[in-house]
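Reader: I have the sequence and the coordinates open. Could you take me through the fold?

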Amino acid sequence: MYSLIITYTDNFHSHLTLVRYQTCYNKIMVKRYLFYLFRWQLSTPILAIVLLWLSNWHVTAATVVANLIGGLIFFWVDKYIFKVEYKIPLWEIKNNVKCTDCGAVTRGYRLVKTKKYDRLGDKKPEFRCETCSENKLSNLRKKGVRA
Ligand SMILES: [Zn+2]
């Protein structure tokens with residue numbers, strides 16, 4: 001699984017993780033695009049049926065009705081497709097911080113945001129050393145947080 005890591009001190013690794021994040025983001029967008037093209041085809045039968053149903057109408061008026069019906073349905077489908085909720089975890093790494101659990105002063109990690117977990121606006125962010133961070137992460141996973 002890819003992670004987005006933000007760090008205050010290490011620009012090189014920050015850049016690398018941003019590139020990995022971008023690659024992951026691109027894969028998601030390609031999948032969404034293909035699904036969207038498939039979804040677009042689903043409006044074809046609606047158009048065909050309404051044009052047959054309203055065959056005595058002017059073709060433009062019948063198309064307007066067909067697109068209105070399609071819009072009523074596909075607004076909700078498209079809303080789902082373009083939901084910007086990512087499953088990619090966002091991490092923050094900070095050097096020389098005190099681990100919340102064991103007190104060691106070291107490089108600290110904290111999970112900032114992932115599905116069902118949001119600590120973006122945390123006023124007192126808790127950083128943990130690598131070991132304690134792994135323990136915390138396994139506890140979060142038991143609670144259903146995916147990271
Ligand atoms: Zn620790």
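**Working through the fold**

Author: Among contacts in the protein chain between residues at least 6 apart in sequence, 46% join residues at least 24 apart. Please keep in mind that this is a predicted model.

Reader: Noted. How many helices and strands does the protein chain have?

Author: There are 4 helices and 4 strands in the protein chain. Their order along the sequence is β-α-α-α-β-β-β-α.

Reader: What percentage of the residues counts as buried?

Author: The figure is 12% of the 147 residues in the protein chain.

Reader: Which residues make up the largest nonpolar core?

Author: That core has 6 residues, namely Ile93, Cys99, Tyr109, Phe127, Cys129 and Cys132. As background, nonpolar side chains in soluble globular proteins tend to be buried together.

Reader: Let us stay with Tyr109. What is it in contact with, leaving aside neighbours within four places in sequence?

Author: With that exclusion, Tyr109 is in contact with Trp91, Ile93, Phe127, Arg128, Glu130 and Ser133.

Reader: Turning to the strands, how do E2 and E3 pair?

Author: Strand E2, residues 90-98, and strand E3, residues 105-114, are paired in the antiparallel sense over 7 bridges.

Reader: Why is Asn96 classed as exposed?

Author: Asn96 is exposed because it has 9 other C-beta atoms within 10 Å, and the cut-off for exposed is 12 or fewer.

Reader: How many bridges join E3 to E4?

Author: E3 and strand E4, residues 117-118, run antiparallel and are joined by 2 bridges. Thr114 stands opposite Tyr117 in E4. This hairpin has 2 residues between its strands, and Lys116 in the turn has a positive phi of about 65°.

Reader: Now the helices. At what angle do H2 and H3 pack?

Author: Helix H2, residues 43-53, packs against helix H3, residues 59-81, at an angle of about 145°, and their axes are 9 Å apart. H2 passes H3 in a right-handed crossing.

Reader: Which residues make that contact?

Author: On the H2 side they are Ser43, Ile46, Leu47, Val50 and Leu51, and on the H3 side Ala62, Val65, Ala66, Ile69, Gly70 and Phe74. By class, the contact of H2 with H3 has 9 nonpolar residues, 2 polar ones and no charged ones.

Reader: Why is Asn67 described as partly exposed?

Author: Asn67 is partly exposed because 15 other C-beta atoms lie within 10 Å. A residue is buried at 20 or more and exposed at 12 or fewer, so that count falls in between.

Definitions and conventions
Residues are numbered from 1 along each chain as its sequence is written. This is a predicted model: local features need pLDDT of at least 70, side-chain atom pairs count only at pLDDT 80 or more; totals for chains, interfaces and linings use all residues. Axes are lines fitted to C-alpha atoms, for helices over the stretch in contact, and angles run from 0 to 180 degrees between N-to-C directions. A crossing is left-handed if the near helix is turned anticlockwise from the far one by less than a right angle, and right-handed if clockwise. Two residues are in contact if their C-beta atoms, placed from the backbone, lie within 7 Å. Ala, Val, Leu, Ile, Met, Phe, Trp, Tyr, Cys and Pro count as nonpolar, Asp, Glu, Lys and Arg as charged, and the others, Gly among them, as polar. A nonpolar core is a set of buried Ala, Val, Leu, Ile, Met, Phe, Trp, Tyr and Cys residues joined through C-beta atoms within 7 Å. Two strands pair if DSSP finds at least two bridges between them.
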